[in-house]
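Biologist: I would like to learn how to read a sheet and a pocket from coordinates, taking one feature at a time. Could you show me the structure and begin with the strands?

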Amino acid sequence: MALLDKRFRGPLDDRRRPSRALLVALVLASLTLITLDYRGGDDSPVEPVRRAVGEALGPIENGTADAVRPFTAVPDWFRSRNDLRDDVARLQAENSRLRSQAATADYDRNRLQEYDGLTAAAKDLGYALVPARVVALGSAQSFSDTVTIDAGSAAGIHPDMTVLNNDGLVGRVLRVTRTTATVLLIIDSDSVVGGRVGQSMEVGFLHGRGELGDGGSLDLQLVDEAQPPARHDTVVTWGSRDGAPYVSGIPVGTVTSVYSSVRETTQRAVIDPFVDFGSLDLVGVVVPSGTRSDRAVVEADGSMR
């Protein structure tokens with residue numbers, strides 16, 4: 001059987017198969033070329049052939065790369081597009097955050113100054129203060145100049161307590177709830193505050209005119225009308241018994257003019273308040289030192305408790 005297979009395949013396979021001598025010759029030729037190319041470097045005898053092949057196939061390789069590049073770049077294009085979209089979203093969010101910070105920078109700076117001013121006022125005046133924010137103005141139906149603050153009985157606040165800010169006297173507490181309090185401003189027409197002229201120590205009564213803004217002045221009627229105050233004299237609170245509703249020594253305003261009333265045969269001084277009632281924000285309510293409160297209290301020495 002093996003003899004039959006050999007006889008059947010023998011002549012055809014022998015013609016197709018390269019001779020052994022040819023294989024040996026090819027192997028020897030390859031080894032010779034490798035040896036010459038390795039030792040020859042740039043002077044290799046194979047170098048002209050290699051250069052010729054490179055020059056012939058180079059344009060074909062470049063053309064093939066240019067033709068295939070659009071297809072191979074598709075995945076990178078999608079990745080780049082998604083990355084750019086993420087970058088744009090991140091930059092937009094960062095821009096919004098910075099724009100918001102720039103818009104509120106003045107507001108934050110003013111509030112910080114108000115806190116610093118209130119702390120300094122507590123230390124200068126020697127009174128403990130409960131800080132509070134003005135959250136509402138009095139309704140027009142009440143026909144009174146009042147504000148609502150965000151601190152009440154839980155913060156240790158009660159009616160007839162003095163309210164001030166870092167500029168001077170604001171008013172007195174009218175009524176309280178657990179979390180809020182209503183403050184009667186000194187510019188209200190029903191407000192009466194005992195005042196003392198700092199230069200002469202003369203005392204009198206400050207009456208509100210019921211007007212905000214430039215017209216928000218006070219009228220001072222002295223007890224001793226023989227000694228009218230001078231212009232630019234400073235007026236402070238006279239002080240009430242047990243400090244209610246007003247403690248003494250709180251700056252109120254300065255004398256801008258003095259005029260006489262022939263009909264009433266009296267002299268009155270016009271007082272320009274230190275407080276800008278049109279921009280009230282942070283105020284402090286004078287409380288006894290050590291008062292229990294639901295918030296931090298600025299003590300009389302300026303420390304926080």
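Modeller: Six bridges connect strand E1, residues 128-137, with strand E12, residues 282-287, and the two run antiparallel. This is a predicted model, and within this pairing Ala-128 stands opposite Val-287 of E12.

Biologist: What holds the strands of a sheet together in general, and in which order do the strands of this barrel run?

Modeller: Strands of a sheet pair through backbone hydrogen bonds, in either a parallel or an antiparallel manner. Here six strands form a closed barrel in the order E1-E2-E5-E4-E3-E12, with antiparallel pairing. Neighbouring strands of this sheet are turned against each other by 45 degrees on average, direction ignored. Helix H4, residues 74-125, packs on the sheet and touches E1, E3 and E12, while its direction makes about 140 degrees with that of E1.

Biologist: How is empty space found, and which residues lie nearest the centre of the largest pocket?

Modeller: Rolling a probe the size of a water molecule over the atoms shows where empty space is left. The largest pocket has a volume of about 150 Å³ and is lined by 14 residues, of which Gly-243, Val-247, Val-286, Val-287 and Pro-288 lie nearest its centre. The lining divides into eight nonpolar, four polar and two charged residues.

Biologist: Is Met-161 buried or exposed?

Modeller: Met-161, which sits in the loop between strands E2 and E3, counts as buried because its relative accessibility is 11%, under the cut-off of 20%. Beyond its neighbours within four places in sequence, Met-161 is in contact with residues including Val-286, Val-287 and Pro-288.

Definitions and conventions: Residues are numbered from 1 along each chain as its sequence is written. This is a predicted model: local features need pLDDT of at least 70, side-chain atom pairs count only at pLDDT 80 or more; totals for chains, interfaces and linings use all residues. Side-chain values use heavy atoms; hydrogens and water are left out. Two strands pair if DSSP finds at least two bridges between them. Helices (H or I, at least four residues) and strands (E, at least two) are DSSP runs, numbered from the N terminus. Axes are lines fitted to C-alpha atoms, for helices over the stretch in contact, and angles run from 0 to 180 degrees between N-to-C directions. Contact means heavy atoms within 4.5 Å. On a 1 Å grid over the protein atoms alone, a cavity is a set of points where a 1.4 Å probe fits but cannot get out, and a pocket is an open set with protein on both sides within 12 Å along at least five of seven lines; lining residues have an atom within 4 Å of a point. Grid points are joined across faces, edges and corners, and a volume is the space filled by probe spheres set on the points. Ala, Val, Leu, Ile, Met, Phe, Trp, Tyr, Cys and Pro count as nonpolar, Asp, Glu, Lys and Arg as charged, and the others, Gly among them, as polar. Buried means under 20% relative accessible area, exposed over 50%, partly exposed in between (1.4 Å probe, protein chains only).
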